[in-house]
Amino acid sequence: MAKAKVAALFFVSILTLTTSIAMAACSSGDQNINDVGSAVFGLRWDGTMIGGGQSFTLDCEARFLTASFEFNVVEGGDMGGQPYLLSTDIMIMELLDMSYNVLATTSIPLGFSDGTQWIHFDVSDQNVTLTPGDYLVGCRTEAPRLASIMYDPEDTHAGSRYHYWINEWTGPSAGSDNCFQATWDPNEVPTDRTSWGTMKTSYR
């Protein structure tokens, strides 16, 4: 009877440890690449500056690495009389918490002048470590031109789409998600390095 109890406790402990290991597995990124539609980005024809952003959820502590967005521009074209962004126009990425506090930022040129492409921001050298929770990654420009930011109107992603109006982020908007990709490096530090041998010894 005593041996049966010990065996039962041993297997319960194994199950608990196995479950803990499984739960400790962390994601390394999030994305929405279903580009069904597009929305105005940059300096709209009515003078409003518009950016785009997307929320995501971290399931464990991690170091944020990269963010990407998909845009469309037409070389020499315009929308409502407003010209499209140029390849040399600067795009600004911001990583924010859900109170819109900026945690990291970087900028790069758009990099192309015609068609639809992804642009990629890298902040891995900034060593920004985030705790589990919800965050917002956004993109905006100060150039006096516009582009189309691609999005999915079917709202198939768990996150939410956000807008940048003039000098502040607002949102979310129901019913659509920006096309975005974000990556991070999980910081998985075991809280207990108990080995199988140690466990077996403790139940002898």
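In this predicted model, arginine 145 pairs up with aspartate 89 in a salt bridge, with the closest N and O atoms 2.7 Å apart. The two come from distant parts of the chain, 56 residues apart: arginine 145 sits in the loop between E11 and strand E12 (146-152), and aspartate 89 in the loop between strand E6 (82-83) and strand E7 (90-97). Aspartate 89 counts as buried because its relative accessibility is 7%, under the 20% cut-off.

The count of salt bridges comes to 4. Another one of them joins arginine 140 and glutamate 94, whose closest N and O atoms are 3.2 Å apart. Arginine 140 belongs to strand E11 and glutamate 94 to strand E7, so this pair ties together parts 46 residues apart in sequence. Salt bridges with shared partners link Glu94, Arg140 and Glu142 into one network. Aspartate 46 and arginine 44 also meet through their side chains, at 2.7 Å from N to O, and here aspartate 46 is partly exposed, at 46%.

Strand E11 (residues 133-141) also holds aspartate 134, which is partly exposed at 43%. Leaving aside neighbours within four places in sequence, aspartate 134 touches Phe56, Thr57 and Met98. With threonine 57, the side chain of aspartate 134 makes a polar contact of 2.6 Å.

As for confidence, the chain averages a pLDDT of 82, and 78% of the residues score at least 70. Strand E9 (residues 115-122) comes out highest, at 98, while helix H2 (residues 196-202) is lowest, at a mean of 41.

Terms used:
Residues numbered from 1 in each chain as written. Predicted model: local features only at pLDDT ≥ 70, side-chain atom pairs only at ≥ 80, totals over all residues. Heavy atoms only, no water. Helix = DSSP H or I, 4+ residues; strand = E, 2+ residues; numbered from the N terminus. Buried < 20%, exposed > 50% of the residue type's maximum accessible area, 1.4 Å probe, protein only. Contact = heavy atoms within 4.5 Å. Polar contact = N/O pair within 3.5 Å; in protein donor to acceptor, adjacent residues only side chain to side chain. pLDDT = per-residue confidence, 0-100.
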